[in-house]
Amino acid sequence: MDKQFLVDQLIERLSVSAQVALRASEAAAAEARDGATPQEKKEDARVAIEQSRLAKGQGQRAQRALAEIDALTAFRPQPLASKAAIALGALVEVEDEDTGEGKTFFLAPSGAGVSLTGPGGDGHLSVVTPTSPVGRAVLGRRVGDTVEVTVDGEVRAWIIAWVG
């Protein structure tokens with residue numbers, strides 16, 4: 001699979017997220033500034049304060065997304081041999097030891113939790129980072145290894161079925 005396609009898709013998703021957060025920040029700031037009459041602001045200053053905090057939080061969210069985009073811009077994931085240790089840029093497929101259910105992850109420097117699709121809409125995978133629980137569990141492991149990960153408060157045993 002073309003990993004650069006996944007990186008480009010991830011950058012696109014994060015760009016959209018940053019744009020949404022910036023618009024929300026601007027709207028909340030405008031509401032804090034202009035949303036009430038001077039008399040209303042005097043009677044209930046909490047509304048303006050809450051809108052200001054919302055604007056600040058959305059601005060921070062946008063800045064985080066932009067920083068993640070910067071980290072991804074220089075990221076060039078390389079193919080991994082099937083028996084190589086899992087490293088940043090790896091595609092990892094795991095199977096639940098109990099149910100046999102499979103999941104595919106892309107180990108990227110940022111963008112945790114974003115869902116991506118393969119080229120042509122082929123398959124779905126989740127982005128994990130080295131600092132996420134799943135990322136920490138699989139880093140340095142190899143095909144055939146079993147890792148334990150807590151999912152929805154329950155410990156799951158996953159077998160690493162494929163690495164690319």
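## A buried residue and its strand

D96 counts as buried, because its relative accessibility is 8%; buried means under 20% relative accessible area, exposed means over 50%, and partly exposed lies in between (1.4 Å probe, protein chains only). This residue lies in strand β1. Apart from neighbours within four places in sequence, D96 is in contact with E101, R156, A157 and W158, where contact means heavy atoms within 4.5 Å.

The model is predicted: local features need pLDDT of at least 70 and side-chain atom pairs count only at pLDDT 80 or more, while totals for chains, interfaces and linings use all residues. Residues are numbered from 1 along each chain as its sequence is written, and side-chain values use heavy atoms, with hydrogens and water left out.

## The sheet

Helices (H or I, at least four residues) and strands (E, at least two) are DSSP runs, numbered from the N terminus. Six strands make up an open sheet with mixed pairing, in the order β3-β4-β2-β1-β6-β5. At its edges are β3 (115-117) and β5 (146-151), each of which pairs on one side only. On average, neighbouring strands of this sheet are turned by 40 degrees against each other, direction ignored. The axes are lines fitted to C-alpha atoms, for helices over the stretch in contact, and angles run from 0 to 180 degrees between N-to-C directions.

Strands of a sheet pair through backbone hydrogen bonds, either parallel or antiparallel. Here two strands pair if DSSP finds at least two bridges between them. The table lists pairings in this sheet.

| Strands | Sense | Bridges |
|---|---|---|
| β1 (residues 91-96) and β2 (residues 102-107) | antiparallel | five bridges |
| β2 and β4 | parallel | three bridges |
| β3 and β4 | antiparallel | three bridges |
| β5 and β6 (residues 154-163) | antiparallel | six bridges |

Individual bridge partners can be located within these pairings. F106 stands opposite V127 in β4, while T150 has V155 in β6 as its bridge partner. β5 and β6 form a hairpin with two residues between them, and D152 in the turn has a positive phi of about 50 degrees.

## Helix α1

Which strands does helix α1 touch as it packs on the sheet? Helix α1 (residues 3-34) touches β1, β2, β3 and β4 (124-128), and its direction makes about 135 degrees with that of β3. The 32 residues of α1 should span 46 Å at 1.5 Å a residue, and the end C-alpha atoms are 46 Å apart, which agrees; the expected span is 1.5 Å times one less than the number of residues.

At the N-terminal end, D2 caps α1, with a side-chain oxygen 3.1 Å from the backbone nitrogen of Q4. The buried residues of α1 include L6, L10, L14, A18, A21, S25, A28 and A32. An α-helix has 3.6 residues a turn, so residues three or four places apart point the same way.

F5 is also found in helix α1, but F5 is partly exposed, with a relative accessible area of 31%. Not counting residues up to four places away in sequence, F5 touches T117, G118 and P119. F5 and P119 are 114 residues apart along the chain, yet their C-alpha atoms are separated by 7.1 Å.

Two aromatic pairs are found in a search of the whole structure. The rings of F75 and F106 have centres 6.4 Å apart and planes at 45 degrees, so this pair is tilted. Rings of Phe, Tyr and Trp (its six-membered ring) pair if their centres lie within 6.5 Å; planes under 30 degrees apart count as stacked, over 60 as edge-to-face and the rest as tilted. F75 belongs to the loop between α3 (45-73) and β1, F106 belongs to strand β2, and the two are 31 residues apart. Both F75 and F106 are buried.

S82 lies in the loop between α3 and β1 and is partly exposed, with a relative accessible area of 44%. Beyond its neighbours within four places in sequence, S82 is in contact with V143 and V163.

How values were computed: A polar contact is a pair of N or O atoms within 3.5 Å; within protein, one must be able to donate a hydrogen and the other to accept it, and residues adjacent in sequence count only if both atoms are side-chain atoms.
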